[in-house]
Amino acid sequence: MSSMELRELRAFVVVAEEGGMSAAARRLHVSQPALSQTVGMLERRLGVKLLVRSSAGVQPTEAGMTLLAEARAVLARHDQVLRTMAAYTSGDGGVLRVGVPIELPSDLLGPPLERLAVAHPGTRVQARHLSTAAQLTALQAGELDVGLLRERPAGHEFDAMLVSRERLGVLLTAELRGPDGIRLEELTGLEWVGFPRSGSPAWFDELTAILRSHGLDLGPAAPEGQELIAEVKLAAVSAGRAFALAPPRWPQPLPAAVAWSALAGHPLIRRTWAVWPATSRRHDLAGFVAGFRDPADDRPG
């Protein structure tokens, strides 16, 4: 069974347990349309109707109840296998699977990687570039050992440590930049080059609430699946009448028409957490996480 099918089974179990798509989407940290699509794909794959949908929520069909029992058994066995095999990679010679988002501070991963190399020279690091929501799904499925997330998961399933605070500034056309920074309300009339909410719902909601509180019109939602990479930001800003958020030590070279500006008062603080399963007993993971520096120096003063 492929990892995609395991994610479909896990999504179906959560929907059945929660009795509704909205509650299940919140628990899984995914968008409701994406969750509905996943369950629909599972129904098409199996060729049976699994859920009866109504205004009151969803209920499993007879076939759905049968699948629910089988899926729980499959997922429990899958998770047990991962826990058992983790014992063989808890020291040297294993692979540490790390989830990485876009735009990490350039010096963030250096210390933990150096510490890991010294303490566990046989451990190989496998990095995967994923959004916060995708990392959380991969952590729940046992497909990542540690993720770097823009929001801290609720509940007791994961341990988390704050590893970065970044005072975000803005990328905008050079003629709009002020010598002492720019206030958020001065960006009124410009279109925000944003990211899809499904990628990091809690961070998106925090960010957009602050932008709206300063009178900014966020415009149309970003297309689902769009990755807000440097090229996307620079192309949109260079075309004019748009701004994008970026940290001070943004590593990409800027074209002559684009400038970075600080935001007066530092109203936007982007946080990054290292997140890992609370049940993990990997010694190399503990060493890796311990290598992150204290982000206190990044706090707004």
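User: Is Phe204 buried or exposed, and what is its relative accessible area?

Analyst: First, a word on the model: it is predicted, so local features need pLDDT of at least 70 and side-chain atom pairs count only at pLDDT 80 or more, while totals for chains, interfaces and linings use all residues. Residues are numbered from 1 along each chain as its sequence is written, and side-chain values use heavy atoms, with hydrogens and water left out. Now the idea: buried means under 20% relative accessible area, exposed over 50%, and partly exposed in between (1.4 Å probe, protein chains only). Phe204 has a relative accessible area of 16%, so Phe204 is buried.

User: How much of the chain counts as buried?

Analyst: Of the 301 residues of the chain, 46% do.

User: Okay, what about rings? How many aromatic pairs are there?

Analyst: Rings of Phe, Tyr and Trp (its six-membered ring) pair if their centres lie within 6.5 Å; planes under 30 degrees apart count as stacked, over 60 as edge-to-face and the rest as tilted. By this rule there are four aromatic pairs. Take Trp192 and Phe204: that pair is tilted, with 6.1 Å centre to centre and 40° between the planes. Trp192 sits in strand E8 (residues 191-192) and Phe204 in helix H7 (residues 201-213), so the pair ties together parts 12 residues apart in sequence. Helices (H or I, at least four residues) and strands (E, at least two) are DSSP runs, numbered from the N terminus. Trp192 counts as buried too, at 8% relative accessibility.

User: And which kind of pair do Phe195 and Phe204 make?

Analyst: An edge-to-face one, because their ring centres are 5.5 Å apart and the planes are at 85°. Put together, Trp192, Phe195 and Phe204 form one aromatic cluster.

User: What is a nonpolar core, and how many residues has the largest one here?

Analyst: Start with the general picture: in soluble globular proteins, nonpolar side chains tend to be buried together. A nonpolar core is a set of buried Ala, Val, Leu, Ile, Met, Phe, Trp, Tyr and Cys residues joined through side-chain atoms within 4.5 Å. The largest one has 30 residues, and Leu187, Trp192 and Phe243 have the most contacts inside it. Two or more residues each come from strand E7 (169-173), H7, helix H8 (230-238) and strand E9 (242-246). E9 gives the largest share, five residues. There's also a second, separate core of 22 residues, which includes Val15, Ala25, Leu35 and Ala71.

User: Which residues does Phe243 touch?

Analyst: Contact means heavy atoms within 4.5 Å. Leaving aside neighbours within four places in sequence, the contacts of Phe243 include Leu172, Leu187, Trp192, Leu216 and Val237.

User: Last one: at what angle do H2 and H3 pack?

Analyst: Axes are lines fitted to C-alpha atoms, for helices over the stretch in contact, and angles run from 0 to 180 degrees between N-to-C directions. Helix H2 (residues 21-28) and helix H3 (residues 32-46) pack at about 100°, with axes 9 Å apart. Angles under 35 degrees count as roughly parallel, over 145 as roughly antiparallel, 65 to 115 as roughly perpendicular and the rest as oblique. H2 and H3 are therefore roughly perpendicular to each other. Met21, Ser22, Ala24, Ala25 and Leu28 in H2 meet Gln32, Leu35, Ser36 and Val39 in H3.
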